[in-house]
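Here is a protein model to go through by question and answer. Each answer sets a value beside the rule that gives it its name.

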Amino acid sequence: MHSSRFPLTFLLLFFFGLQLKAYELKPVIIQLYYGEQPDTAGFNLVDKLPEFFYSNIKDGKVNLYDSPSKKIKITFDALQQIEQSNKSKASKIKTLFVHELWTLKKNKLDFFPVGITLSDFNEKGEVISYGYIDLEEAFPMLHSNQITTNANGPAYLSYWDALKSHRYYYHIIQFGKQTVRNKAEGEKIKESNLQKGFKTLPAVEFPKSKLITYRVENTSENTEQNKILIHKLELVFQNHPNLFDSCGLPASFAQNATPVEAILIKEVWGEKDGFFEYTPISVTAFFSGGKTCELKFDGIDFTDFKIFENDITSKLFNLTIISINGQPIKPADSPAYIFGMRSNEISWTQLTTYVNQKTK
């Protein structure tokens, strides 16, 4: 009799034990350090978010409070006084506190950010608290503005999605009513909540897209295709001299336009349904003598300009990538980045790792 009951009793205890793990809207405070954020995250919240908030606090678009209780509103003038007294800058901090609500149900873990505490350390190593930002109030700004990403991130990522993604390194300093005393204790909480098969929801997927800026030269060292491509843009300017008006160049320049020495192209490279796509955004012509003219592809319907746009997407010319998203690229690394993006075997969130290994 006893042997037959034991398995059932054990299963019941196991079942209720799992249920005890579940929780809803548990308040959690995590801490991020600037120097601990890996390149593979695609962005650095501690670098970009305080600067973003600072600008919007100054413009009156984001409110700053003394604490999560929001009893006292801190004006921008008061914030500057805190900066001056501590010889610091709230837009350039080394650490960031994110207040979140965690919910674990049926092995599904959801993180919901509700607030940000801007803080730093003064010269004596003492904590400076600049104030608290309610993310529900700031949501419209976070949702409608893009954070700068490096070569591992997507072309466009909102501040809100960056926060929600949890693609950053952090320390847990408070978990519910439990104050976490040290890093080891926080890592144990992480392990028990994040590394036992729990699925995090909603997952913020990084789309396969990169904002690429590249240069095409018109010199004797480059291919004939480069010269043909640039000559087609020269013809566009000759056929439509009014385009110089949009660049602030005088009419006399249109009459005596000098040759185009190089062009700079911005476009989004992406992958959709297994196919590589190029979406041109703008082209900047560099004329002899130092003059430049930028044209947007959206809004110009001239047939010869559309043909030029089509030729750009063919990629039958030599190009040198100079930046991916917000990250400058060394000319020597350009071929490796191009190969990495075109390869099906290299993750687009691991491009810098691949290139660093390739160019060692």
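Q: What makes helix H10 a helix that lies across strands, and which strands are they?
A: In this predicted model, helix H10 (residues 334-342) lies across E8, E9, E10, strand E12 (320-324) and E13. Contact means heavy atoms within 4.5 Å.

Q: Which strands does helix H9 lie across, and at what angle to E10?
A: Helix H9 (residues 303-314) lies across strand E8 (209-217), E9, E10 and E11. Its angle to E10 is about 120°.

Q: Why are E11 and E13 called edge strands?
A: The open sheet of six strands has the order E11-E10-E9-E8-E12-E13. Strand E11 (292-296) and strand E13 (327-328) each pair on one side only.

Q: How do you know that strand E9 pairs with strand E10?
A: Pairing needs at least two bridges, and 12 bridges join strand E9 (residues 260-272) to strand E10 (residues 275-287), so the two strands pair. They run antiparallel. Ile 263 stands opposite Ala 285 in E10.

Q: What residues make the contact of H2 with H3?
A: Tyr 54, Ile 57 and Lys 58 in H2 meet Phe 76, Leu 79, Gln 80 and Glu 83 in H3. They divide into four nonpolar, one polar and two charged.

Key:
Residues numbered from 1 in each chain as written. Predicted model: local features only at pLDDT ≥ 70, side-chain atom pairs only at ≥ 80, totals over all residues. Heavy atoms only, no water. Helix = DSSP H or I, 4+ residues; strand = E, 2+ residues; numbered from the N terminus. Nonpolar A, V, L, I, M, F, W, Y, C, P; charged D, E, K, R; others polar. Axes fitted to C-alpha atoms, helices over the stretch in contact; angles between N-to-C directions.
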